[in-house]
Amino acid sequence: KTLRFARYMRSLRLLRVSRLQRAIHALKDVAISEWFALVLNLVIYSFGLLLLCHFIACSWFAVGLCDPNEGWVAEFDMMAAPLGKRYLVSMHFALAMFASS
């Protein structure tokens, strides 16, 4: 029963992604100017990069939790920190990964 629910939720997510893609293509087709299309592409690529950084940040935090005594989360006492600070520190690492390469 749980598996069926998970499949249902996944199909809903895929449906939303396909609708979003159709909406983006429709916006590009109706683009008033080349400048608007350029800005739209910039926003799309920036959002994609931010999403990728989010996944890297969450993965980096999970890596820090693997060893509760010696990981970077324990070393900097991050479990006592508020959720926002933990996320910002992890996101800082992810953004630094892109900026340094």
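Visitor: What share of the residues of the protein count as buried?

Guide: Of its 101 residues, 14% count as buried. The model is a predicted one. Its accessible surface comes to about 8400 Å², and carbon and sulfur atoms account for 69% of that.

Visitor: What secondary structure does the protein have?

Guide: There are four helices and zero strands, and along the sequence the pattern reads α-α-α-α. Among contacts between residues at least 6 apart in sequence, 41% join residues at least 24 apart.

Visitor: How do you know that the length of α2 agrees with its number of residues?

Guide: At 1.5 Å a residue, the 32 residues of α2 should span 46 Å. The end C-alpha atoms of α2 are 47 Å apart, so the two values agree.

Visitor: Which residues of α2 are buried?

Guide: They are L40, C53, A57, F61 and G64.

Visitor: Why is L65 called partly exposed?

Guide: Buried requires under 20% relative accessible area and exposed requires over 50%. L65 has 40% relative accessibility, so it counts as partly exposed. This residue is found in helix α2.

Visitor: What does L65 touch, leaving aside its neighbours within four places in sequence?

Guide: L65 is in contact with V73 and M79.

Visitor: How do α2 and α4 pack?

Guide: Helix α2 (residues 34–65) and helix α4 (residues 83–100) pack at an angle of about 120°, their axes being 8 Å apart. The crossing of α2 past α4 is right-handed. On the α2 side the contact is made by L49, L50, L52, C53, H54, I56, A57, W60 and F61. On the α4 side it is made by R86, Y87, S90, M91, F93, A94, L95 and F98.

Visitor: What makes up the contact of α2 with α4 in terms of nonpolar, polar and charged residues?

Guide: The residues divide into 14 nonpolar, two polar and one charged. Arg counts as charged, and R86 of α4 is among the contact residues.

Visitor: Why is M91 called buried?

Guide: The cut-off for buried is under 20% relative accessible area. M91 has 9% relative accessibility, so it counts as buried. M91 lies in helix α4. Not counting residues up to four places away in sequence, M91 touches L50, C53, H54 and A57. The C-alpha atoms of M91 and L50 are separated by 9.4 Å, although these residues are 41 residues apart along the chain.

Visitor: How do you know whether S90 counts as buried or exposed?

Guide: S90 has 2% relative accessibility, so by the same cut-off of under 20% it counts as buried. S90 is in helix α4. Leaving aside neighbours within four places in sequence, S90 is in contact with A57, W60, F61 and W72.

Visitor: Why is D77 called exposed?

Guide: Exposed means over 50% relative accessible area. At 51% relative accessibility, D77 counts as exposed. D77 lies in the loop between α3 (72–75) and α4.

Visitor: What is the phi of D77?

Guide: D77 has a positive phi of about 50°, although it is not a glycine. Most residues other than glycine have a negative phi.

Definitions and conventions
Residues are numbered from 1 along each chain as its sequence is written. This is a predicted model: local features need pLDDT of at least 70, side-chain atom pairs count only at pLDDT 80 or more; totals for chains, interfaces and linings use all residues. Side-chain values use heavy atoms; hydrogens and water are left out. Helices (H or I, at least four residues) and strands (E, at least two) are DSSP runs, numbered from the N terminus. Buried means under 20% relative accessible area, exposed over 50%, partly exposed in between (1.4 Å probe, protein chains only). Contact means heavy atoms within 4.5 Å. Accessible areas come from the Shrake-Rupley method with a 1.4 Å probe; for residues, only the protein chains shown count as cover. Axes are lines fitted to C-alpha atoms, for helices over the stretch in contact, and angles run from 0 to 180 degrees between N-to-C directions. A crossing is left-handed if the near helix is turned anticlockwise from the far one by less than a right angle, and right-handed if clockwise. The expected span of a helix is 1.5 Å times one less than its number of residues.
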